[in-house]
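Hello,

Here is the structure I promised to pass on to you. Please have a look at it first, and then read on for what I found.

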Amino acid sequence: MASERPWHVPGRWYTSPHNWHENVRGGMVGLPRQVCVKDDTLREGEETPGVVFDLKDRVEIGVRLQDIGVAELEMPMASSLEESAEVTKEFKRAGIKCRKSYIYFRTPPYEASTWKDDIKRRIDLGLDHLTLSLSFSREDTWSDFGGEFSKEKVEAIIGETVQYAKNQGATVGFGWPNQTRTYLDTLKRFHKAAADAGVDRTQIYDSLGVGLPASIRHLVSQVKQAVGKTPVLIHVHNDFGMATANTLAGIEGGAEWCDLVVNGLGDRGGNASFEEVVSALEILYGVNTGIKLDRLYELSKFVAKKSGVKCQPHKAIVGQNSFMEESAGHHRSMHAAIVGGTPEAYVPYVPETVGRHYTKIFGTTTMYGGAIEIQLDDWGFQYSVQDIERVRRRALKEIRSSKKGYLSEPEFKKICAGALKRKAASKS
Ligand SMILES: [Zn+2]
């Protein structure tokens, strides 16, 4: 039975009851109970400028993605079919059994006879899923297919391509880039054409990150109405810093699948961040993703190492500072929460939820407001008002001359022990 207070899981998190208000939930017209994660780190992630994954990296990342629970892995783009075959073989050898998909772009001229061969050879690699992506010209999209390449022609190509790929034995997805620039009725027609041809999943791409959460939610809900029971996937980019919000909005609109990239890697501003979206789904929405949240941090660190792209320190979930507290007020509140046996009282969720720990540091903002006293009490020091002043003076001097701009707990303790030499209690 669903909890009456889903925003509060004792010992783990306390989020906002407003997230569960009927008016708020009522706006999430298609929110599913379960969302499947398709990981795109190996394809989109490698499009990050400067990132190169070799075969070993690809396999090692693939193993970790499988272990954390992704439903599907998008395989890296390869420069040749031989390379794709080699990667696929290595994935099998490494025991990666989760669904593997590959994207195939069918490009103009659509009359060319080579596309069937291209599709067949890709499916013959032994992949589970082929995503068909049609490429439309700027003129066709901007004129709403008002030229020679009419909507009827596009529908016929969609039907022909989907059916051919299905007949080769793979499950098939369908989409095209820049759908947030496609007129809504046209968008629905094309997705419906794919659904009518028996596509297994239809995919919505906001390739330039130009959608708003409200428009993405609307667009997905409209496509859902057009395609009936066919599952929908949402794939967005982060050009306005809204990839997480837009992915979640797409899911609120009814998308059962989402494309995510570890650490939000990707071309330009990147893609939707794996760790942010799955944490939000599980903790803020109560939606099951099948992802082991407590492995998120180790996955993030591994991908950062392999890609050579460090996360910004204040990045949500996986940034170095995400569970680090400096200010005196935060020290006090955190102390009260822990002593009171409700660690979730002063954090959105306890760091262990995502495989992390709380870290207290001592900077300029810790030096006033009672935090020093709390810490000295905790360590069992006896002290006077003058002692506090001495500790503060010495600590500030160290903080201001230190490169990192703060002191760790052991560093601060050493200063306290030095300043209170004659008064250190045995507990310290
Ligand atoms: Zn993309």
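**What I found around Phe 149**

Phe 149 sits in the loop that links α5 (138-142) to α6 (151-167). Please keep in mind as you read that this is a predicted model.

If you set aside the neighbours within four places in sequence, the contacts of Phe 149 are Asp 140 and Val 154.

Stepping back, you will see that the protein chain is divided into domain 1 (23-307) and domain 2 (324-423). Taken over C-alpha atoms, the centres of domain 1 and domain 2 are separated by 46 Å.

Where the domains touch, eight residues of domain 1 are in contact with six residues of domain 2. On the domain 1 side, the elements that give two or more residues are α10 (274-285) and α11 (296-307). The largest share of that side comes from α11, with three residues. Sorted by class, the side of domain 1 that touches domain 2 holds four nonpolar residues, three charged ones and one polar one.

Enjoy exploring, and do write back with any questions.

Best wishes

Methods:
Residues are numbered from 1 along each chain as its sequence is written. This is a predicted model: local features need pLDDT of at least 70, side-chain atom pairs count only at pLDDT 80 or more; totals for chains, interfaces and linings use all residues. Helices (H or I, at least four residues) and strands (E, at least two) are DSSP runs, numbered from the N terminus. Two residues are in contact if their C-beta atoms, placed from the backbone, lie within 7 Å. Domain bounds come from an automatic or database domain assignment. Ala, Val, Leu, Ile, Met, Phe, Trp, Tyr, Cys and Pro count as nonpolar, Asp, Glu, Lys and Arg as charged, and the others, Gly among them, as polar.
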